[in-house]
Amino acid sequence: MDRLVTTLFFSSFLLLSLFSTTTHAQTQNCSAFAFRNNQNFATCNPLPLLNSVLHWTYHSDNHTVDLAYRHRGVTDSDWVAWGLNINGARMVGAQCLVAFKNSSGRIQAYTAPIANYLTQLRQGSLSFNVPRIEAEFSNNEYIIFASLELPSGRSSFNQVWQNGQVSGQALQAHSQTGDNMRSFGSVDFATGQLGNDGGSR
């Protein structure tokens, strides 16, 4: 019995060490990313699904965050979105940042609140202020840059991220299977911690 307990302990320790090493390596890798506009961010974390990475700098004095959301492995015929859900866990209620290539060939970035599952990501104001939002596309990667004035009293929120296709000017629904249905979790801008609720299921 003691031998079994010892074996289980060391197996658990090795798995935890491997996870910590992998997570550290991924974080180090994303922190080395060079943005074309020479922006730097204090924290970065790869999101567990959909080839995405979140970079940010949290300003505790005024409770704001400057961020860059990177979404790789897409084309300029796709849209991408990242958002915070202040009072819920998944898509409905999320306050999103969206980017896509419009019909004039320019990369357009805007804010879109999601009221229900039938959303078409229409432009609108969010429940918190977004003083700056812009986006770029290069090498099959969208990057959304934004500054957020976070809701007061907390630094941890649920987050969602997505991608789908664009037809003309219309953003089509994202895939209803696989990773697209699990791309949600939590982020604490103060501590730098992510909760991978969706990716763990």
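How many bridges join S7 to S8, and in which sense do the two strands run? The two strands run antiparallel and are joined by 7 bridges, where strands are DSSP runs (E, at least two residues; helices are H or I, at least four) numbered from the N terminus, and two strands pair if DSSP finds at least two bridges between them. This is a predicted model, in which local features need pLDDT of at least 70 and side-chain atom pairs count only at pLDDT 80 or more, while totals for chains, interfaces and linings use all residues. Residues are numbered from 1 along each chain as its sequence is written, and side-chain values use heavy atoms, with hydrogens and water left out.

Most residues other than glycine have a negative phi. Asn139, in the loop between S7 and S8, is exposed at a relative accessible area of 74%, given that exposed means over 50%, buried under 20% and partly exposed in between, with a 1.4 Å probe and protein chains only. Leu50 also has a positive phi, of about 65°, although it is not a glycine; this residue is placed in the loop between S1 and S2 and counts as buried at 13% relative accessibility.

S7 and S8 belong to an open sheet of 5 strands in the order S1-S2-S3-S8-S7, with antiparallel pairing. Strand S1 (43-46) and strand S7 (132-138) stand at the edges with a single partner strand each, so one side of each is left without a neighbour in the sheet. On average, neighbouring strands of this sheet are turned by 15° against each other, direction ignored, the axes being lines fitted to C-alpha atoms (for helices over the stretch in contact), with angles that run from 0 to 180 degrees between N-to-C directions. Further inside this order, S2 and S3 run antiparallel and are joined by 8 bridges, and Val53 stands opposite Arg70 in S3. S3 in turn pairs with S8 in the antiparallel sense over 9 bridges, with Val65 opposite Leu148 in S8. Of the 9 residues of S8, 8 are buried, so this strand is largely enclosed by the rest of the structure.

From the sheet we can turn to the cores. In soluble globular proteins, nonpolar side chains tend to be buried together. A nonpolar core is here a set of buried Ala, Val, Leu, Ile, Met, Phe, Trp, Tyr and Cys residues joined through side-chain atoms within 4.5 Å. The largest such core has 27 residues, and those with the most contacts inside it are Leu54, Leu67, Trp82, Leu84, Leu97, Leu148 and Phe189. Strands S2 (52-59), S3 (64-72), S4 (78-85), S5 (94-101), S8 (141-149) and S9 (156-167) each supply at least two of its residues, and the largest share, 4 residues, comes from S8. Leu54 touches residues including Leu67, Trp82, Val187 and Phe189, not counting residues up to four places away in sequence, where contact means heavy atoms within 4.5 Å. A second, separate core of 15 residues includes Trp79, Ala94, Leu121 and Val160.

Leaving aside neighbours within four places in sequence, Asn163 is in contact with several residues, among them Leu50, Trp79 and His174.

The structure holds 7 aromatic pairs, in which rings of Phe, Tyr and Trp (its six-membered ring) have centres within 6.5 Å, with planes under 30 degrees apart counted as stacked, over 60 as edge-to-face and the rest as tilted. The rings of Phe35 and Phe41 have centres 5.3 Å apart and planes at 70°, so this pair is edge-to-face. The rings of Phe157 and Phe189, with centres 6.3 Å apart and planes at 50°, form a tilted pair. Phe157 lies in strand S9 and Phe189 in the loop between strand S11 (184-188) and strand S12 (194-195), so the pair ties together parts that are 32 residues apart in sequence. Phe157 is buried at 1%, and Phe189 at 2%.
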